[in-house]
Amino acid sequence: MAPVQYADLGKSARDLSSKGYNFGQVKLDCKTKTANGVEFNSVGAHNTDSGKVNGSLETKYTWSDYGLTFKEKWDTDNNLATEVTIEDQLAKGLKVTFDSSFSPQTGKKSGKLKTAYKHDYFHLNGDVDLDFAGPQLHGAATVG
């Protein structure tokens, strides 16, 4: 069994103090799945202190024959995020994700290419932030 990702080290301890505690917030989360496998997730949140209301609609489709997952999320700030993932197709244990976002009001665009490789004794991660100012590389590894 592969060790956990570097980003997930200590996650259970962080979740203990933050998950499920929505003080000062009213939150609604609705999920459904169609017969052909398309998942929909609608989230709404109201901050009782500021009065601000946020919401999002996320769709997810998994094409398991080809290891592909497509996600799209649109929020009340009019941001559109798209994620395409391919897993275990190029190599066993390799996951490649292209993540992009677009804000029509400001014209801001961003993209990120993420990779993760799991093996029995190590877990490698590499990200390339495709910013117009210049790409940034990030990497992490766990061995166990």
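**An open antiparallel sheet, strand by strand**

Nine strands make up an open sheet here, running in the order β1-β2-β3-β4-β5-β6-β7-β8-β9 with antiparallel pairing. At the edges sit β1 (25-33) and β9 (136-143), each of which pairs on one side only. Direction ignored, neighbouring strands of this sheet are turned by 10 degrees against each other on average. Please keep in mind that this is a predicted model.

**How the strands are held**

- Strands of a sheet pair through backbone hydrogen bonds, and the pairing can be parallel or antiparallel.
- Strand β2 (residues 39-47) pairs with β3 in the antiparallel sense, over eight bridges.
- Within β3, Ser56 has Val43 standing opposite.

**A closer look at Ser56**

- Ser56 belongs to strand β3, which covers residues 53-63.
- Is Ser56 buried or exposed? Ser56 counts as buried because its relative accessibility is 16%, and the cut-off for buried is under 20%.
- Neighbours within four places in sequence aside, Ser56 is in contact with Asn41, Ser42 and Val43, and also with Lys73, Trp74 and Asp75.

- Val84 is found in strand β5, which spans residues 80-87.
- With a relative accessible area of 31%, Val84 is partly exposed, so it passes the patch cut-off of over 30%.

Conventions: Residues numbered from 1 in each chain as written. Predicted model: local features only at pLDDT ≥ 70, side-chain atom pairs only at ≥ 80, totals over all residues. Heavy atoms only, no water. Helix = DSSP H or I, 4+ residues; strand = E, 2+ residues; numbered from the N terminus. Buried < 20%, exposed > 50% of the residue type's maximum accessible area, 1.4 Å probe, protein only. Contact = heavy atoms within 4.5 Å. Pairing = 2+ DSSP bridges. Axes fitted to C-alpha atoms, helices over the stretch in contact; angles between N-to-C directions.
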